[in-house]
Amino acid sequence: NSNGVGDGETGKPKLGGDTQSSNGPSGQFLARESIESPSKVLLMLVAGLSFSTRLYMITEPPHVCWDETHFGKMGSYYINRTFFFDVHPPLGKMLIGLAGYMSGYDGTFPFIKPGDKYENQNYWGMRGFCATLGSFLPIFAYLIVLELSNSCTAAIIAATLLIFDTGCITISQYILLDPILMFFIMAAVLSMVKFNQQRYRSFSASWWLWLVLTGINLAGALGVKFVGLFVIILVGLNTIWDLWRLLGDMSLSLVDIAKHFLARAFALILLPLILYVTIFAVHFVVLNKSGPGDGFFSSAFQSRLIGNNLHNASMPEYLAFGSTVTIKNLRIAGGYLHSHWHLYPEGVGARQQQVTAYLHKDYNNLWVVHRQQDNNSQSGNPDLVRHGDIVRLEHKETTRNLHSHLHEAPLTKKHFQVTGYGINGTGDANDLWQVEVCGGRKGDPVKVLRSKVRFLHRATGCVLYSSGKTLPKWGWEQIEVTCSPYLKETPSSQWNIEDHINPKLPNISLSVLKPNFLEILLESHIVMFRGNSGLKPKDNEMNSKPWHWPINYQGLRFSGVNATEYRVYLLGNPVVWWINLASLGLYLTMVAVASIATQRGFSLEHSLVLVRGGGLLMLGWLLHYAPFFTMGRILYFHHYFPAMLFSSMLTGTKLCELSTMKNQLVLNTVRNSLSLLFYLFHPLSYGMTGPLAHEPGSAMADLKWMDSWEF
């Protein structure tokens, strides 16, 4: 068995699970013994080159580069236990924070913007941690390809492609989530492939080890970024095929098959789910102090954060007429309903007082809830505001009423303008709003913090709405508030009562209103999903296209723009990326030829590894690449790197199969060309100063082969 896919002498394909064949294991073990000794030596060589290329000049440049401004800052938040919001799950940032803490970083560096000098901060620990995980990628690639092909040549080609890729080096050397994500993706694939090789040792210690490790790494991948879902799908499809094969093994009883199913369900579904939830449990326990992420979450969520004005506060439980309140929009960064003395400028609707949404706590966020017609002689306990009631909202500072009319909104032209109108309780019919408790019935009271409320304008039938759009300077760059004629319930049209002051009502401690763990877990995911969907490209902002990525069309500037600055540019080694692109087409051609030949009765020695091992890698590439064509969010070049790992491993298997009689020649050719291009392009990864690429004396002179390369 030279390809690791047949079951020894019979040549039957092995796709997962176990079988009772007696001759399969011996063929497998003999094949593995023949490569064991050289593979260990090569593995040590791969490890040495990988760690040396990733850890070289790890402290350069000594300033913030690209997204270090985000993820370094988030690592600091964990050290300081300060709550923040990010669109990704927390594991990667937690590990960065832990690495910083363990290496002596105190969490005080602000990470304000790229280019800020680190000075005397211990940033090397966080960079070194990411580089260490990135150093495992060629090692994992070597082991995966070795398992799939039983060819040291194929394995060393795949590893060499990654070792000498300038893009993989660059993305591994900085405080980023990408090397952490790719570490777990590759570890999950390696564990899956190792588990597939244990088919003859069902329920043995090694069988359980690799199965459980697969589940652990799946949880790790998803815990860093949601794109970890792609490797979960890959493992899931492999498992379905595995179970389907077992179902056709007539030597196994239904009880045996049930045991296999339950073992996989535990290790690949239940265990990752438990670990994933545990990651969030640790996240919530560590980040227990109020911080910049408060405003993205509900008032009830904020009440659990130390330092937030809602923490350990007390206020009336139900909204009543005469209450002074703050009203918070439920969309991400929707803001608090706000007004101030400034008027809308000429030409922007009616020249009345501005009403906006403001992201921060402020006295101008306070509103007083009045009846349609106030009864000033009311005594005793005030009446509660209920679903269906008509109210007038008076801005406490300016005494103007919340008002709308048929003038178009400043930015969202199909919506109506919202203003402040009247004074000291006087106004008109356009100041009246009907309270609607989402999911409620007529007569239901409005609960502070908990009820989702909509305000329907009585005169026009529109609903109070936070568009999320930023007003110009005349609006102090606050958020636009409109009245939307579209009545579908969305977070933008939903509000809740946060602060609530009414001396005539008894106060209750907000601790009784704090959400439980499952509620904050669900809310955090809703906020993350909305945040991801809201990452749209802004005007004049560079948005990379997925078709750019495999051809290495355009890189990404990590640091520096002019001759006096330290410049780092994320770009793949052209030989690596273009060989990978060719191998994808080559693989499809070889599969087509092999399929036709097999159908015509010809026997091809490598057809099984071509279809099985190569198919797994091709599927991995597709799953980590194709979904980006459907995404509406802003995209960047670095999103392609997980897919690039699979295409590099596929290239290793294809180049080896093409020249089985000239393996050493192929290996030397690949190694020499990669080494040469790595030598020429290495300044992109390790940094450069001095003349730019188009100037004489530049380290990158004559290497700007495409106009779209911006180094």
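Visitor: Why is Cys168 called buried?
Guide: This is a predicted model, so the values are computed from predicted atoms. Cys168 has a relative accessible area of 1%. Buried means under 20%. The value falls under that cut-off, so Cys168 is buried.

Visitor: What makes Cys168 too far from Cys130 for a bond?
Guide: The sulfur of Cys168 is 15 Å from the closest cysteine sulfur, which is in Cys130. A disulfide needs sulfur atoms within 2.5 Å. That rules out a bond, because 15 Å is too far.

Visitor: Which cysteines do form a disulfide?
Guide: Cys462 and Cys483 do, with sulfur atoms 1.9 Å apart. The cut-off is within 2.5 Å, so this pair qualifies. By this rule the count comes to one disulfide.

Visitor: What kind of link is a disulfide?
Guide: A disulfide is a covalent bond between the sulfur atoms of two cysteines.

Visitor: Why is the disulfide of Cys462 and Cys483 called right-handed?
Guide: Look at the torsion about the S-S bond. For Cys462 and Cys483 that torsion is about 95 degrees, so the disulfide is right-handed.

Visitor: Where in the chain do Cys462 and Cys483 sit?
Guide: Cys462 is in the loop between strand S10 (453–457) and strand S11 (463–470). Cys483 is in strand S12, residues 479–484.

Visitor: How do you know whether Cys152 counts as buried or exposed?
Guide: Cys152 has 15% relative accessibility. Under 20% means buried, so Cys152 counts as buried.

Visitor: What about Asn364: buried or exposed?
Guide: Asn364 has 19% relative accessibility. The cut-off is under 20%, so Asn364 counts as buried. Asn364 lies in the loop between strand S4 (353–358) and strand S5 (366–371).

Visitor: Which residues does Asn364 touch?
Guide: Leaving out residues up to four places away in sequence, Asn364 touches Leu337, His338, Ser339, His340, His395 and Glu397.

Visitor: Where does UniProt place the feature "domain: MIR"?
Guide: The unreviewed UniProt entry places it at residues 316–372, 382–438 and 443–500. Residues 316–372 are 0% helix and 46% strand, with end C-alpha atoms 22 Å apart. Residues 443–500 are 0% helix and 43% strand, with end C-alpha atoms 20 Å apart.

Visitor: How is the chain divided into domains?
Guide: Domain 1 covers 39–283 + 549–703, and domain 2 covers 314–509. Their C-alpha centres lie 50 Å apart.

Notes
Residues numbered from 1 in each chain as written. Predicted model: local features only at pLDDT ≥ 70, side-chain atom pairs only at ≥ 80, totals over all residues. Heavy atoms only, no water. UniProt positions renumbered as here; feature names shortened; annotations may be inferred. Helix = DSSP H or I, 4+ residues; strand = E, 2+ residues; numbered from the N terminus. Buried < 20%, exposed > 50% of the residue type's maximum accessible area, 1.4 Å probe, protein only. Contact = heavy atoms within 4.5 Å. Domains from an automatic or database assignment.
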